[in-house]
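Here is a short note for a colleague who is coming to this structure for the first time. Please read the points in order, with the model open beside the text.

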Amino acid sequence: MTRSVYVTGIDRGDGRQVVELGVMELLTRQVDRVGVFRPLVHEGPDRLFELLRARYRLSQDPSAVYGMDYHEAATLQAERGTDELVSRLVERFLPVAREYEVVLVLGTDYAATQLPDELALNARLANEFGASLIAVVGGRGQTAESVRAETRNAHRAYEALGCNVLAMVANRVAPEERDRIAERLSARLPVPCYVLPDEPALAAPTVAQITHALGGTVLLGDDSGLARDALDFVFGGAMLPNFLPALTPGCMVVTPGDRADLVVGSLAAHSAGTPPIAGVLLTLNERPSREILTLAARLAPGTPVISVEGNSFPTAAELFGLEGKLNAATPRKAETALGLFERHVDTADLLDRLAVARSGRVTPMMFEHELLEQARAERRRVVLPEGTEERVLRAADVLIRRDVCDLTLLGDVDLIRKKAADLGVDLSSAQLIDPASSELRQDFAERYATLRAHKGVSVELAHDVVTDVNYFGTLMVAQGLADGMVSGAVHSTAATIRPAFEIIKTGSMGAPPGEQGGAGAAAIVSSVFFMCLADRVLVYGDCAVNPDPNAEQLADIAIQSAATAARFGVEPRIAMLSYSTGTSGSGADVDKVREATKLVRASRPDLLIEGPIQYDAAVDPSVAATKLPGSEVAGRATVLIFPDLNTGNNTYKAVQRSAGAVAVGPVLQGLRKPVNDLSRGALVGDIVNTVAITAIQSQDPSKAQEFSV
């Protein structure tokens with residue numbers, strides 16, 4: 001039977017979109033097909049549904065999402081009564097409920113709806129839909145006692161109306177009161193109450209929203225600049241020396257268009273990162289000269305300069321009435337909202353209360369959700385040597401907003417800050433280190449010289465070597481100053497992993513120092529890709545590191561790949577791939593695979609393994625029934641080991657492109673501590689996933705929560 005979750009409130013302005021987005025995130029972790037239903041809708045585009053559709057790749061027909069508009073509902077209720085209104089809405093809901101495994105219902109918004117007793121209507125609809133209810137109470141501008149009283153009253157009201165109340169959420173409360181409110185409510189409510197603090201970045205309008213609301217003209221700026229949040233407004237009228245100290249991080253400078261000194265000064269301050277601003281808004285329809293605009297563009301490329309017709313006073317009145325909105329055009333706000341939800345909501349407990357049965361299929365999105373959740377469960381620090389690369393900075397922005405792990409970025413600190421400011425990325429919670437000027441440089445040089453003394457490396461030579469960001473990052477990991485490293489967006493694989501071979505070396509990842517070279521330790525470094533197909537996750541190895549492994553190395557790759565698969569929730573059933581299956585073929589290449597299979601069986605009799613076996617017999621049950629009937633692996637393989645790099649690399653890319661699979665990796669295995677390499681074509685999402693995997697690899701396996709895929 002379809003489960004439905006109804007998210008509603010008691011009044012407008014509760015910011016419940018954060019909760020609706022957070023609940024959708026939880027549902028899509030568990031279920032492949034999630035539907036959305038909004039019983040009543042205002043005219044015009046539905047911002048939240050468009051965000052959900054874009055973010056979660058919903059295929060749902062928008063016409064099936066809505067019951068009716070508020071005007072039609074108010075008229076129907078007035079003429080024919082509430083029962084008729086509810087009956088019509090149930091009729092629209094039932095087809096969605098039949099089509100999807102679970103439905104997220106977005107309750108009414110209490111904004112000029114002309115509906116009497118809207119709370120009772122939401123309760124009635126939740127009951128008629130058979131939905132569990134999550135009620136949100138807005139706390140902005142209210143005292144702690146008022147928030148507590150309203151939350152308790154809302155719970156009583158929905159419970160008295162027969163609702164199955166799953167949880168209460170007090171949202172937008174004063175940050176300094178959050179813990180006290182949460183403690184008091186947990187003692188007075190029979191259901192969990194999650195308390196979310198007010199988050200200025202969510203309420204802040206973006207520069208693009210300001211431009212649209214004021215009918216402004218963009219004189220300078222790119223899409224990234226227009227997506228920045230305006231966290232504050234600073235109005236310019238004073239002379240430049242008195243004006244600059246008034247600037248605040250993320251502020252929008254508002255000044256008459258003829259004040260070229262303030263325009264140039266603000267953008268120069270932004271370029272220096274002291275502080276980074278959101279942009280400049282010019283009033284009075286005055287525009288700087290072409291020479292000033294050219295200088296401005298060079299000072300702060302991408303930073304918006306907007307012109308509006310009004311003077312400063314009416315412009316200010318409009319600005320202070322604007323509020324940021326979650327929509328498909330503000331993906332960074334969505335990351336901020338999800339980070340807020342995941343920090344302050346016990347998501348594991350809420351999932352248990354939702355009682356949504358997990359789908360048998362594992363989609364790429366479900367696997368990616370699980371990566372972030374697992375990484376967040378036991379916080380780790382990951383070092384990113386390519387701190388000035390745009391994709392790395394954008395990935396860092398996502399990781400920080402989602403609170404996934406702690407980050408260290410390496411490179412010229414001033415340049416990192418400047419690029420981050422241009423992209424609107426807040427790195428205030430990240431550690432920034434310039435290897436060339438770091439106080440760690442001498443210690444690292446001595447450490448590296450000791451490790452490489454047998455190669456004739458002196459301290460003087462090492463002093464230069466450790467300024468290389470990959471060597472410096474690897475030494476941070478070796479010294480315990482970071483738990484893992486991710487590089488390769490602009491460096492070659494060799495440049496990324498050579499320092500790890502020299503400094504960290506092979507061993508058992510996560511094992512105590514005295515046990516890293518013991519039985520079961522890796523003999524070589526290899527790699528796997530997690531291939532996220534439409535309905536399952538397969539593990540491919542080795543597709544990135546070893547060109548032509550011998551039988552012993554191939555056996556080691558298989559054993560390490562099985563361990564990596566199990567660590568990430570994939571039950572290992574190993575297929576040792578070849579161009580023939582069973583005893584049907586012969587030749588050096590097949591013999592190598594046959595020998596590797598025997599070695600694995602001898603050293604790890606607990607592992608399920610089959611080889612040599614062709615790819616189709618490994619993954620297709622019908623082919624397996626003909627070629628290897630009775631095999632525990634054939635047709636059900638989850639870990640596919642390729643005989644050489646040529647085969648593996650081409651196969652993973654063919655599957656990725658032809659089958660639309662999401663390839664996560666390469667994930668390196670066999671090192672004592674995690675260092676992972678990126679493809680130089682890596683997208684922001686690829687970097688986020690790889691950092692999450694690296695954080696998980698560094699966690700204590702004995703303490704890690706079960707990774708369920």
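In what order do the six strands of the open sheet stand?

1. The order is 20-19-21-18-17-22, and the pairing in this open sheet of six strands is mixed. Strands (E, at least two residues) and helices (H or I, at least four) are DSSP runs numbered from the N terminus, and two strands pair if DSSP finds at least two bridges between them. Strand 20 (608–613) and strand 22 (662–669) each have a single partner strand and stand at the edges, so one side of each is left without a neighbour in the sheet.

2. The model is a predicted one, in which local features need pLDDT of at least 70 and side-chain atom pairs count only at pLDDT 80 or more, whereas totals for chains, interfaces and linings use all residues. Residues are numbered from 1 along each chain as its sequence is written, and side-chain values use heavy atoms, with hydrogens and water left out.

3. Strand 17 (residues 526–532) runs antiparallel to strand 22, and six bridges join the two; Ser526 has Gln669 in strand 22 as its bridge partner.

4. Helix 24 (residues 551–567) lies across strands 17, 18 (537–541), 19 (573–577), 21 (639–641) and 22, and runs at about 160° to strand 21. Helix 29 (residues 684–698) lies across strand 17 and strand 22, at about 40° to strand 22. Axes are lines fitted to C-alpha atoms, for helices over the stretch in contact, and angles run from 0 to 180 degrees between N-to-C directions.

5. Helix 29 also supplies five residues to the lining of the largest pocket, which is the largest share; strand 22 and helix 17 (364–377) are among the elements that each supply at least two. A pocket here is an open set of points on a 1 Å grid over the protein atoms alone, where a 1.4 Å probe fits, with protein on both sides within 12 Å along at least five of seven lines, and lining residues have an atom within 4 Å of a point. The lining has 39 residues, and Glu368, Val684, Gly685, Asp686 and Asn689 lie nearest the centre of the pocket.

6. Elsewhere, helix 1 (residues 17–30) packs against helix 15 at an angle of about 80°, with the axes 9 Å apart. That makes helix 1 roughly perpendicular to helix 15, a word used for angles of 65 to 115 degrees. Among the residues that meet are Val18 and Leu26 in helix 1 and Ala334 and Phe341 in helix 15.

Key:
Contact = heavy atoms within 4.5 Å. Parallel < 35°, antiparallel > 145°, perpendicular 65-115°, else oblique.
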